[in-house]
Each structure stands twice: as C-alpha cells, then as structure tokens.
Amino acid sequence: MGGTNVWDAEWEVSEEQARTLIGRQFPQLSSKQVKRLGWGWDNTVFLIGEEYVFRFPRRTFAVGAIRMEGKLLPKLEAYLTIPYPKPLFYGEASDEYPAPFLGYAHVPGDFPIGLTDERRALSAETLAKFLRRLHEFPVETALKCGVQQDHRSLTDIASRKVKMEGFLSKLVEHLSPAESGVIEAYISRLQQDRVEEVNVLLHGDLHFKNMLVNENGIVSGIIDWGDLSVGHPACDLSVAYSFLPPYARGVFFETYGGADEDTKLLARLMAVYIPMLIFMQAVDDGNEAIAAEAKSNIMRALSD
C-alpha cells in the first residue's frame, strides 16, 4: 500500500479484522463490542467493550515500539502517579496479521481542549509530581527494555530553529499578523545552538492529544506511550509552557524539583515546536478544533 505521506499506513486493520484477531487469541473478549477509536501515524486503536483498548501497528517501524511498551510499561507502575494504559493482553503475529499487538486497560477522560487558565492551573502540582517520578525511573532498566536514547537530538536547538522557520511559513496564512509576529520574534531570538545533554526516561510525546482530564478539567490520564525514550527532561517539561498558564509555572517547577535556565529554554522551545507540528497536521486534516487548540498552546507557551 505504498503512499507518499509519512503518516500513510503499510497495512490497515478494520473493525471486523480486529474482532477476529482479538477473539481468536483472547476468547474471553469475543462477546465484547469492538469500536475503532482512531489512528495515529503508527497505530490503529480500538475500544473493546468499555474496559480495554487495543493498539495495532500500521507500519513495520511501530512494531518495535509495541514490543518495548509491553516490556517497560508494567515496570512503570510503581513510579507513575497519574493513570496510564497498562498492557494486559499480548497479541502475537500470525498468518493473518504480520505484527504483535497490545491490549491495555482503558483510561477514561476527555482531551483538554478549550480549558480555561483557572482549570489548567489546577493540574500544576499533579503534572509536576508525575514527571518528577517518571524522570526518576532508572535509565539502565529502560535501555535494557529496548528504549531508544535521544534518537531525536533534542538538545540540538539550531536545527530545530531552522525547522520552525519552515513550519511558520506553512502556518502563516492560518495566523493573525500579531500571532505570526510573536512566533517570528521568538524564533529569531533563539541564539543558543544547543544545551548540555541530560538523560532521563521520557514519555516523549506529552501534549494535549495524549493527555486526558476529568470533569473538573484536572489531568486524569496520560496515554500513548509509543515515544518512550531516554533524553532531555525538557521534552516532557514542555507542558509547563504549552499546557499551564504563566502564573502556574512557578509551583510546577518547585514541585518538580527545579530546572536550570537551559532546561527551561528547551522546554519552552518544545512547547512551541510540538504544537506547530500538530497544527500543521490538523490543517491538513481540516480539523479546526485541533488546529485552534494547537494555536492556543503555542501562544500560551510564548506568554509570560
């Protein structure tokens, strides 16, 4: 099924096929309803009854991540202070489907879209405690489970700056002149080429599409751990800028245990970079709600 976009799949999984594969390997689930929840670049996701979520890789590249999650996620249980999808069902590759697949406990909640600053601020300590504990996980154990080490060169600010200039030129027609002016000024002020490497275990993709909130708007789940990796903590700490309003950042960093200026610089950079990517994909998909949320994340990250 060759395609030209980076997010095109090598193989697709229908609801029917998912039902067959799950029922064959896990007969105790065969009576449950199977509903496609959505798909990312790497996986197609199904809700099984109300209790479980299954992820099927859509490409060869994603198979390693599914194997690694199956090994590492159970080990994180003692560390994680926010609910996350724990692997419960380990599906094997077969003649009918070329890859392993995983079933997890379903984590309920809504995506944090359109929240007020007051609601967001309520999660400052919750998020900081969660990241402090995650970042304390022993790096050696993570590497033994097959986690990649800084495969995205997080500390290389210079090359990210160039990429962001390219993103901005694509997004400029979806921004007001004032908004693009703020982003442009920020990018041009980035003079530092890189920061020192620091290695901790990272969620690696912490943004509003991978966070869930309860009815009070407080973060109640962190999902999609396919980018678990070892690298600079600023990658995850970017939520202090993209998710939290400026006045809640002090208590966030205090609860986390502090962060130096380089870490804060890189965290803010990632808080602009990641939503720019989400913004571009949302424009491509014609998803106005996601585009608007991504834009507000960028503007929040750039406000003090």
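Trainee: In this predicted model, why are α11 and α12 called roughly antiparallel?
Mentor: The axes of α11 (residues 261-285) and α12 (residues 288-301) cross at roughly 160° and come within 8 Å. Angles over 145 degrees count as roughly antiparallel, so α11 and α12 are roughly antiparallel to each other. The crossing of α11 past α12 is left-handed.

Trainee: Which residues of α11 and α12 meet?
Mentor: From α11, they include Val272, Met276 and Phe279. Their partners in α12 include Ile290, Ala294 and Ile298. The contact residues are twelve nonpolar, one polar and two charged.

Trainee: What makes β6 and β7 edge strands?
Mentor: The open three-stranded sheet runs β6-β10-β7, with mixed pairing. β6 (148-149) and β7 (200-202) each pair on one side only, and that puts them at the edges.

Trainee: How do you know that β7 and β10 pair?
Mentor: Pairing takes at least two bridges. β7 and β10 (residues 229-231) have three, in the antiparallel sense. Leucine 202 stands opposite serine 229 of β10.

Trainee: Why is the contact of aspartate 42 with arginine 59 called a salt bridge?
Mentor: The cut-off is 4 Å from side-chain nitrogen to carboxyl oxygen. Here the N to O distance is 3.4 Å, and the contact qualifies.

Trainee: What does the pair tie together?
Mentor: Aspartate 42 sits in the loop between β1 and β2, and arginine 59 in the loop between β3 and α2, so parts 17 residues apart in sequence are tied together.

Trainee: How many salt bridges does a search of the whole structure find?
Mentor: The search finds 13.

Terms used
Residues are numbered from 1 along each chain as its sequence is written. This is a predicted model: local features need pLDDT of at least 70, side-chain atom pairs count only at pLDDT 80 or more; totals for chains, interfaces and linings use all residues. Side-chain values use heavy atoms; hydrogens and water are left out. Axes are lines fitted to C-alpha atoms, for helices over the stretch in contact, and angles run from 0 to 180 degrees between N-to-C directions. Helices (H or I, at least four residues) and strands (E, at least two) are DSSP runs, numbered from the N terminus. Angles under 35 degrees count as roughly parallel, over 145 as roughly antiparallel, 65 to 115 as roughly perpendicular and the rest as oblique. A crossing is left-handed if the near helix is turned anticlockwise from the far one by less than a right angle, and right-handed if clockwise. Contact means heavy atoms within 4.5 Å. Ala, Val, Leu, Ile, Met, Phe, Trp, Tyr, Cys and Pro count as nonpolar, Asp, Glu, Lys and Arg as charged, and the others, Gly among them, as polar.
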